[in-house]
Structure formats: C-alpha cells, structure tokens
Amino acid sequence: MDDFTKKRIEKIMRHYMESTAEEQLRSRRSIGYALEGDELTLVEQRPSKDGTNWIELPVAQFRLDAGGWRVYGLDSGGSWHPVSEIPPSGDFEAQLSRVKANDLGIF
C-alpha cells in the first residue's frame, strides 16, 4: 500500500471511529483497527468480565489486492476467509459501510 492510500485509509478510519463514538460510549465498547501492510483489521474493544482490562475481538479484515479491497470474516476456528457475498471494490469506504451495516449477519 502506498503512503497516499495509507494516509487516506487512516483518515477514513478516524472519521469512522469519531462518528460511532456516542454509540460506543452507550454500549461500553469501542472500535479500533490495526493497519499492517495491505491489510486492515477492524476490532471491537470491550471491558473484560471483571472490568480490570480491555479485550480486543477481531470483527473483519480488509485486504487490498489487484482486484481492490476484499472483505474477510473469521470462522469459528479463528481463520480469515473472503466473504463471497461482498465482491472486491476499489472503494474502501463502501466496503467499510457493508461491514458496518452487517446485512449478512456475520460481523
């Protein structure tokens, strides 16, 4: 991923996290992400059962390849697999919106 794309994705993610901040406060959870190479992993952060620390739960992964941004979901074994119902797209924001809407019920 080139520097321009990386900066653009970071800006989109800052806006996404800011736009969901009120909802996150109500539900005592927050959204975060990790950007490594050509992959962005969206995570949900929640307080542990005893409330002493926060745990991170992976939600979705976005991978940039020649076909655009491909969305991946986790299976029960903890492995990432492409979500075939969401075709690759050059529009990262559209892919993020699909995951946020969760019309498929897998995120």
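Two residues are in contact when heavy atoms of theirs lie within 4.5 Å. Keep that in mind. What we have here is a predicted model.

Start with those contacts. Take the ones in the chain between residues at least 6 apart in sequence. Of these, 30% join residues at least 24 apart.

Now the layout. The chain has three helices and five strands. Read from the N terminus, the order is α-α-β-β-β-β-β-α. The radius of gyration is 14 Å, close to the 13 Å that the globule rule gives for 107 residues, so the chain is as compact as a globular protein of that length. Along its principal axes, the C-alpha trace spans about 45 × 30 × 25 Å.

Next, the surface. The accessible surface of the chain is about 6800 Å². Carbon and sulfur atoms account for 48% of that. Buried residues make up 33% of the 107 residues.

Charges, quickly. There are 14 positive side chains and 18 negative ones. The centres of the two sets lie 4 Å apart.

Let's zoom in on one residue, Q95. Where is Q95 found? In helix 3, which covers residues 92-101. Is Q95 buried or exposed? Its relative accessible area is 3%, and buried means under 20%, so Q95 is buried.

What is around Q95? Leave aside its neighbours within four places in sequence. Q95 is then in contact with F62, W69, V71, I86, P87, P88 and S89. Look at W69 in that list. The backbone oxygen of W69 lies 2.8 Å from a polar atom of the Q95 side chain. Find that pair in the structure above. That's my last stop.

Note on methods
Residues are numbered from 1 along each chain as its sequence is written. This is a predicted model: local features need pLDDT of at least 70, side-chain atom pairs count only at pLDDT 80 or more; totals for chains, interfaces and linings use all residues. Side-chain values use heavy atoms; hydrogens and water are left out. Helices (H or I, at least four residues) and strands (E, at least two) are DSSP runs, numbered from the N terminus. The radius of gyration is taken over C-alpha atoms; the globule rule is 2.2 Å times the number of residues to the power 0.38. Buried means under 20% relative accessible area, exposed over 50%, partly exposed in between (1.4 Å probe, protein chains only). Accessible areas come from the Shrake-Rupley method with a 1.4 Å probe; for residues, only the protein chains shown count as cover. Lys and Arg count as positive and Asp and Glu as negative; His and the chain ends are not counted. The place of a charge is taken as NZ of Lys, CZ of Arg, CG of Asp or CD of Glu. A polar contact is a pair of N or O atoms within 3.5 Å; within protein, one must be able to donate a hydrogen and the other to accept it, and residues adjacent in sequence count only if both atoms are side-chain atoms.
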